Every structure is written in structure tokens, then in C-alpha cells.
Amino acid sequence: MASGSITVKSPTKTVATYIGWSSSSNGSAANTSKVTATVYFRKTNGYTTRGTFAGNLRIDGTSYSISRYGTWAGSYIAIGSKSKTVTHNSDGKKSITISTTYSNSGTDQAGTYTGSGTAVLDTIPRASSVSSSASWTAGNALTVSISRNASSFTHTVTVKVGSTTVGTATGVGTS
């Protein structure tokens, strides 16, 4: 599971705010991950936070509305949290942009808060593909080429003629 945080710029020195994000893979067959992002806000001078927070949270190009009203003191509050399923590239890698713009109507923390950053998701291992010559004569060498999507992949290659195994190689990388 990948996770991280993205700094959000504040119009006042008495506020700390950020986007926390995490992702979890839906597996090699799906080649997708569920990404969850949450916008957090906290007063840093010990006073109570009060007001209406409203704005947007964007995950990989999709914009979601976030809104929260209330009064809080001391700790971080979650203004809004959203999730999106993201499709990875064919090699299993994926980086996305997560951003927010929101405002607060509270008296001493009023203003617009903005932040944007890149989230690098865990690479999803992808299945290897195999190719070889369609023509082969017994007793001659047969080259089998493997296109692997992770350099750590090793393979067991078994060559059969009909139902008879004529050769097996283990620990094969790319050929």
C-alpha cells in the first residue's frame, strides 16, 4: 500500500492543512488501484476552529466536492475524503495528481487554501508474455523469448510436443 501527504498552502500562519492519500492494488488482473485522499485542517495556536469549509478535491483529473461545518479544537479535522479507482499503465506503473482548493468562512482562518502534488502508486506486477519460432526441429536449439513486466520475474519454461515434454528450464529471465 502506497501512501503520502501533500502540503496545502494556507493564507494564515495559525493553520496547518494537508492532503493525506493512500492506495491499494486491486490485483494484477484488474491493473487498477483504489486511491483515497482526505483533506485535513488544524489550528496551530490552540484556539477553536469554527466555520464552514467548502471546495473541491481532485484525484487524477476527477473533481469531487468537499464540505464540512462545525467547531473543533486542537486536533486535525477531516474536511472531506474521496476515493477513485485508477487504471495503471500497461507496465503496472502509475503516477497521478491530487489537488485541492477550498475556503473557510471562519473569522480568523478565512481565506482560500490550495495544494497540489504527485502521488506515485505501487507498481502492479504484470504477467509475462512468451514468443518463440513456430518452426522447430527436434535436436536443434529452440529460443523462447519472454517479455516480462517486472525485472524480478523468473519463469519455468516447459516445451511439449503433443503431450510429451521434451524440455524444461527453470529460473528463466527473458530467454
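**A colleague's note on the predicted model**

1. Strands β11 (155-161) and β12 (164-172) each supply at least two residues of the lining of the largest pocket. Of the elements involved, β12 gives the most to that lining, with five residues.

2. For anyone setting up a calculation on this pocket, its volume is about 180 Å³. The residues that line the largest pocket are Trp136, Leu142, Thr143, Val144, Val157, Val159, Val166, Gly167, Thr168, Ala169, Val172 and Ser175. Sorted by class, the lining holds eight nonpolar and four polar residues, and no charged ones.

3. Now to the packing. Which residues have the most contacts inside the largest nonpolar core? They are Ile19, Trp21, Phe41, Ile98 and Tyr102, in a core of 25 residues. At least two residues of this core come from each of β1 (2-7), β2 (15-25), β3 (32-43), β4 (48-59), β5 (62-73), β6 (77-87), β7 and β8 (111-120). The strand that gives the most to this core is β3, with four residues. As general background, nonpolar side chains tend to be buried together in soluble globular proteins.

4. Setting aside neighbours within four places in sequence, Ile98 is in contact with Ile6, Ile19, Trp21, Val35, Ala37, Leu57, Arg58, Gly115, Ser116, Gly117 and Ala119.

5. Next comes Ser99, which sits in strand β7 (residues 95-104). Is Ser99 buried or exposed? Ser99 is buried, because its relative accessible area is 9% and the cut-off for buried is under 20%. Not counting residues up to four places away in sequence, Ser99 touches Ile19, Asn56, Leu57, Arg58, Gly115 and Ser116.

6. Finally, the charged pairs. A search of the whole structure finds one salt bridge. In this bridge the side chains of Lys84 and Asp60 meet at 3.9 Å, N to O. Lys84 belongs to strand β6 and Asp60 to the loop between β4 and β5, so the pair ties together parts that are 24 residues apart in sequence. In general, side chains of opposite charge can pair when their charged atoms come close.

How values were computed
Residues numbered from 1 in each chain as written. Predicted model: local features only at pLDDT ≥ 70, side-chain atom pairs only at ≥ 80, totals over all residues. Heavy atoms only, no water. Buried < 20%, exposed > 50% of the residue type's maximum accessible area, 1.4 Å probe, protein only. Contact = heavy atoms within 4.5 Å. Core = buried A, V, L, I, M, F, W, Y, C linked by side-chain atoms within 4.5 Å. 1 Å grid on protein atoms, 1.4 Å probe; cavity = no way out; pocket = protein on both sides within 12 Å on 5 of 7 lines; lining within 4 Å. Points joined across faces, edges and corners; volume = space filled by probe spheres on them. Nonpolar A, V, L, I, M, F, W, Y, C, P; charged D, E, K, R; others polar. Salt bridge = Lys/Arg side-chain N within 4 Å of Asp/Glu carboxyl O.
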